[in-house]
Amino acid sequence: RFLGEVNPYTKPKELLEISPKGLVPGLKLNGYDPPRSLNESTVIMEYAEQCALFSSVFSLLTIICSAFS
């Protein structure tokens, strides 16, 4: 669920479940039992990079042009 803007003084329960300190960004991984969460931007980016490397379908960025063109 996308939370959108969060009031820094009244953090929603859903955010605190993902990020106990109430910090953003936060990413909930429902593919685990129980669900896990990542709440540091560098860790989220490393996770996304690993997903892109090991999946032939998943892509974060669209290639616009060749690096050699």
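The pLDDT is the predictor's confidence in each residue, on a scale from 0 to 100. For the protein chain described here, the mean pLDDT is 77, and 74% of the residues reach 70 or more. The structure is a predicted model, in which local features need a pLDDT of at least 70 and side-chain atom pairs count only at pLDDT 80 or more, while totals for chains, interfaces and linings use all residues. Residues are numbered from 1 along each chain as its sequence is written, and side-chain values use heavy atoms, with hydrogens and water left out.

The protein chain contains 2 helices and 2 strands, where helices (H or I, at least four residues) and strands (E, at least two) are DSSP runs numbered from the N terminus. Along the sequence these elements follow the pattern α-β-β-α. Confidence is highest in strand β2 (residues 36–38), at a mean of 90, and lowest in helix α2 (residues 41–53), at 85.

Of the 69 residues in the protein chain, 12% are buried; the term buried denotes under 20% relative accessible area, exposed over 50%, and partly exposed the range in between (1.4 Å probe, protein chains only). The accessible surface of the chain amounts to about 6300 Å², with 59% belonging to carbon and sulfur atoms. Accessible areas were computed by the Shrake-Rupley method with a 1.4 Å probe, and for residues only the protein chains shown count as cover. Among contacts (heavy atoms within 4.5 Å) with a separation of 6 or more, residues 24 or more positions apart account for 0%.

Most peptide bonds are trans. In this model, a cis peptide bond joins Val 24 and Pro 25, with omega about 10°. Pro 25 lies in the loop between α1 (13–18) and β1 (27–29). The peptide bond from Asp 33 to Pro 34 is also cis, with omega near 0°, and Pro 34 is located in the loop between β1 and β2.

The whole structure holds 1 salt bridge, defined as a side-chain nitrogen of Lys or Arg within 4 Å of a carboxyl oxygen of Asp or Glu. The side chains of Lys 13 and Glu 17 form a salt bridge at 3.9 Å, N to O. Both residues belong to helix α1 and are 4 residues apart, about one turn of the helix. Lys 13 counts as exposed because its relative accessibility is 62%.

The charged end of Arg 36 sits over the ring of Tyr 32, 4.3 Å from the ring centre. This assignment requires NZ of Lys or CZ of Arg within 6 Å of the ring centre and within 35 degrees of the ring normal.
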